[in-house]
Amino acid sequence: MNREKEKLMKVIRESDFAIQECALYLDTHPRDSAALRLYGDQQALRKKAVDAYEQAFGPLTTAGNQFSSWRWIDDPWPWDLED
Amino acid sequence: MWTYEKKLQFPVQIKTPNPAMAKVIITQLGGPDGELAASMRYLNQRYSMPYKECKGILTDVGTEELAHAEMIGSIVHQLTRCLSMEEIKEAGFDAYFVDHTTGVYPQAAAGFPFTTAVLQSKGDALTDLFEDLAAEQKARTTYDNLLRLVDDPDVIAPLKFLREREVVHFQRFGDALRVVQDNLDCRNFYAMNPEFDK
């Protein structure tokens with residue numbers, strides 16, 4: 001895997017995980033302001049990384065297909081073994 | 001991975017509860033031609049599918065089926081609101097009631113629970129796509145049968161939407177089948193299995 005691609009994917013995975021953890025926690029602690037702040041910070045981090053990733057390496061969702069061709073279907077898919 | 005959107009694909013707002021209707025419509029959640037089986041079928045067939053167009057359509061249709069399962073769950077839920085014991089008994093909803101009260105449980109109209117025995121992931125691109133085409137037609141027939149039984153316009157509208165989606169999915173799987181065939185030997189499509197023989 002391309003080094004830049006790997007770097008951006010690492011940021012996306014880490015912020016995704018933090019967002020997921022915050023969301024689960026906030027479901028049962030909806031007024032925790034520290035968790036809310038962390039959630040917002042991680043969302044911003046994620047958005048930046050996703051924008052950069054999709055621009056360079058193709059869409060992560062169909063909505064992220066911002067190009068003139070339908071790169072959404074391009075290999076590799078997540079379950080494919082990469083060279 | 002997946003993310004959730006807090007909305008239905010098509011609105012479900014049923015003003016009049018009707019447990020007798022819920023008892024048959026629930027089959028499109030957990031029955032043999034239901035939405036849950038459809039989603040599990042397509043999402044599990046993806047891994048061995050060699051063609052990117054087909055990986056795409058199996059992913060996107062399999063994901064849409066989850067949204068359909070949510071619509072059926074919403075219909076069943078709204079049809080079983082605020083029931084009296086008399087209404088439950090009159091509608092023949094008592095057997096379901098003792099097992100699940102008015103919780104939504106994926107089962108067929110005949111009562112048997114959701115099972116993956118109704119679907120296949122055969123590891124052969126042609127075989128799987130023919131299964132998928134058949135599955136969409138079976139689901140379409142089920143919606144046609146349900147629409148014969150329903151007279152509430154609040155229920156008819158979402159069922160008609162879901163029926164139409166079966167037809168569209170059938171067409172898209174037809175396109176996918178052609179992609180597979182275009183990649184095979186046109187003199188003998190069955191000379192090899194592109195998911196196993198590399």
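Predicted model: local features only at pLDDT ≥ 70, side-chain atom pairs only at ≥ 80, totals over all residues.
Over all chains, the count of aromatic pairs comes to 7. One of them joins A:Tyr53 and A:Phe57, whose ring centres lie 5.4 Å apart with 55° between the planes, a tilted arrangement. Both residues belong to helix H2 of chain A, which spans residues 33-57, and they are separated by 4 residues, about one turn of the helix. Their surroundings can be described by accessibility. A:Tyr53 has a relative accessibility of 7% and therefore counts as buried, whereas A:Phe57, at 23%, counts as partly exposed.

A further pair is formed by A:Trp79 and B:Tyr47, with ring centres 5.4 Å apart; because their planes stand at 70°, and an angle over 60 degrees counts as edge-to-face, the pair is assigned to that class. This pair crosses between chains: A:Trp79 lies in the segment after H2 of chain A, and B:Tyr47 lies in the loop between helix H3 (35-45) and helix H4 (52-79) of chain B. A:Trp79 is partly exposed, with a relative accessible area of 22%, and B:Tyr47 is also partly exposed, with a value of 46%. The two residues belong to one aromatic cluster together with A:Trp72 and A:Trp77.

Attention now turns to the helices of chain B. Helix H7 covers residues 125-149, a run of 25 residues. From its first C-alpha to its last, H7(B) reaches 36 Å, close to the 36 Å expected at 1.5 Å a residue. The N-terminal end of H7(B) is capped by B:Asp124, which places a side-chain oxygen 3.1 Å from the backbone nitrogen of B:Leu126.

In soluble globular proteins, nonpolar side chains tend to be buried together. In this model, the largest nonpolar core comprises 25 residues, and those with the most contacts inside it include B:Ile25, B:Ile72, B:Ile75 and B:Val155. Helix H1 (19-25), H4, H7 and helix H8 (153-182) of chain B each supply at least two residues of this core, and H4(B) gives the most, with 6 residues. Leaving aside residues up to four places away in sequence, B:Ile75 touches B:Val12, B:Ile14, B:Ile25, B:Val155, B:Pro158 and B:Leu159. A second, separate core has 18 residues, among them B:Met49, B:Leu177, B:Val180 and B:Leu184.

Methods:
Residues numbered from 1 in each chain as written. Chains lettered and ligands numbered in written order. Heavy atoms only, no water. Phe/Tyr/Trp six-rings, centres within 6.5 Å; stacked < 30°, edge-to-face > 60°. Buried < 20%, exposed > 50% of the residue type's maximum accessible area, 1.4 Å probe, protein only. Expected span 1.5 Å × (residues − 1). Polar contact = N/O pair within 3.5 Å; in protein donor to acceptor, adjacent residues only side chain to side chain. Core = buried A, V, L, I, M, F, W, Y, C linked by side-chain atoms within 4.5 Å. Contact = heavy atoms within 4.5 Å.
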